[in-house]
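Please look over the sequence and the structure shown here before reading on.

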Amino acid sequence: MKKQILFVDDEINILKGLKRSLRPFRKYWEMQFVSTGEKALQLMDEIAFDVIVSDMRMPGMDGMQLLNMVQKKYPGVARIILSGHSDREIIMRSVKTAHQYLSKPCEKAMLVATIARACSLQDILNQKNLRYL
């Protein structure tokens, strides 16, 4: 079964670039690309995502607000920040909410490895025997 990955960024060109560069992974991942936190939450009500990758600074609902809501409503979803802002305070605030913080620009190999690792870890943690323990 393909993993469901959601990408959120207010910069349309970033989303287009991600979509284009991650095209080879369509056989493993179902990917959705949205430009606002509100659209992300609407989509999450319809689709059970495994991973969300969000920008930090967006108008309206920012990445921290989005990931806080995702953490509460969908705690099993792996939460990754992909942001061009390296403000130390923002990074430290994200520790409670995000599982991983990646800085833009991020090499495709690093992003793919991070998503794949998150999916693998979820597979391990969701094993029935492990949950029983």
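This is a predicted model: local features need pLDDT of at least 70, side-chain atom pairs count only at pLDDT 80 or more; totals for chains, interfaces and linings use all residues.

Because Lys-2 sits in the segment before β1 while Glu-30 belongs to strand β2, the pair ties together parts of the chain that are 28 residues apart in sequence. Lys-2 counts as partly exposed, at 34% relative accessibility, and Glu-30 is likewise partly exposed, with a relative accessible area of 32%.

- A search of the whole structure finds four salt bridges, and the general idea behind such pairs is that side chains of opposite charge can pair when their charged atoms come close.
- Another of these bridges joins the side chains of Lys-104 and Asp-9, at 2.5 Å from N to O, and this pair links distant parts of the chain, since Lys-104 is in the loop between β5 and α5 and Asp-9 is in the loop between β1 and α1, 95 residues apart.
- Asp-9 counts as buried, because its relative accessibility is 2% and the cut-off for buried is under 20%.
- Asp-9 and Lys-104 also belong, together with Asp-55, to a network of salt bridges.
- Asp-45 forms a salt bridge with Lys-73, in which the closest N and O atoms are 3.0 Å apart; as Asp-45 lies in helix α2 and Lys-73 in helix α3, this pair ties together parts that are 28 residues apart in sequence.
- Both Asp-45 and Lys-73 are exposed.

**Overall layout**

- The chain contains six helices and five strands, and when it is read along the sequence these follow the pattern β-α-β-α-β-α-β-α-β-α-α.
- Of the 133 residues in the chain, 42% count as buried.

- Cys-119 counts as buried at 5% relative accessibility, whereas Cys-106 is partly exposed, with a relative accessible area of 26%; the structure holds zero disulfides.

- Gln-4 lies in strand β1 and counts as buried at 18% relative accessibility.
- Leaving aside neighbours within four places in sequence, Gln-4 is in contact with Glu-30, Ile-47, Ala-48, Phe-49, Asp-50 and Val-51.
- Ser-35, in the loop between β2 (29-34) and α2, is also buried, with a relative accessible area of 18%.
- With neighbours within four places in sequence left aside, Ser-35 is in contact with Asp-9, Asp-10, Ile-12 and Leu-15.
- Ile-14 of helix α1 (residues 12-21) is partly exposed at 26% relative accessibility, and its C-alpha atom is separated by 9.8 Å from that of Ser-35, 21 residues apart along the chain.
- Ile-14 touches Asp-9 and Lys-104, when residues up to four places away in sequence are not counted.

**A cis peptide bond**

- The peptide bond from Lys-104 to Pro-105 is cis, with omega near -10 degrees, and Pro-105 is found in the loop between β5 (100-103) and α5.
- As background to this point, most peptide bonds are trans.

**On the surface**

- Leu-121, Ile-124 and Leu-125 form a nonpolar patch on the surface, with about 280 Å² of accessible area together.
- Ile-124 is found in helix α5 (residues 108-125) and counts as partly exposed at 44% relative accessibility.
- Lys-72 lies in helix α3 and counts as exposed, because its relative accessibility is 70%.
- The C-alpha atoms of Lys-72 and Thr-97 are separated by 9.7 Å, although these residues are 25 residues apart along the chain.

Note on methods
Residues are numbered from 1 along each chain as its sequence is written. Side-chain values use heavy atoms; hydrogens and water are left out. Patches are made of residues with over 30% relative accessible area and no salt bridge: like charges are joined within 9 Å, nonpolar side chains (Val, Leu, Ile, Met, Phe, Trp, Tyr) within 5 Å. Accessible areas come from the Shrake-Rupley method with a 1.4 Å probe; for residues, only the protein chains shown count as cover. Helices (H or I, at least four residues) and strands (E, at least two) are DSSP runs, numbered from the N terminus. Buried means under 20% relative accessible area, exposed over 50%, partly exposed in between (1.4 Å probe, protein chains only). A disulfide is a pair of cysteine sulfur atoms within 2.5 Å. Contact means heavy atoms within 4.5 Å.
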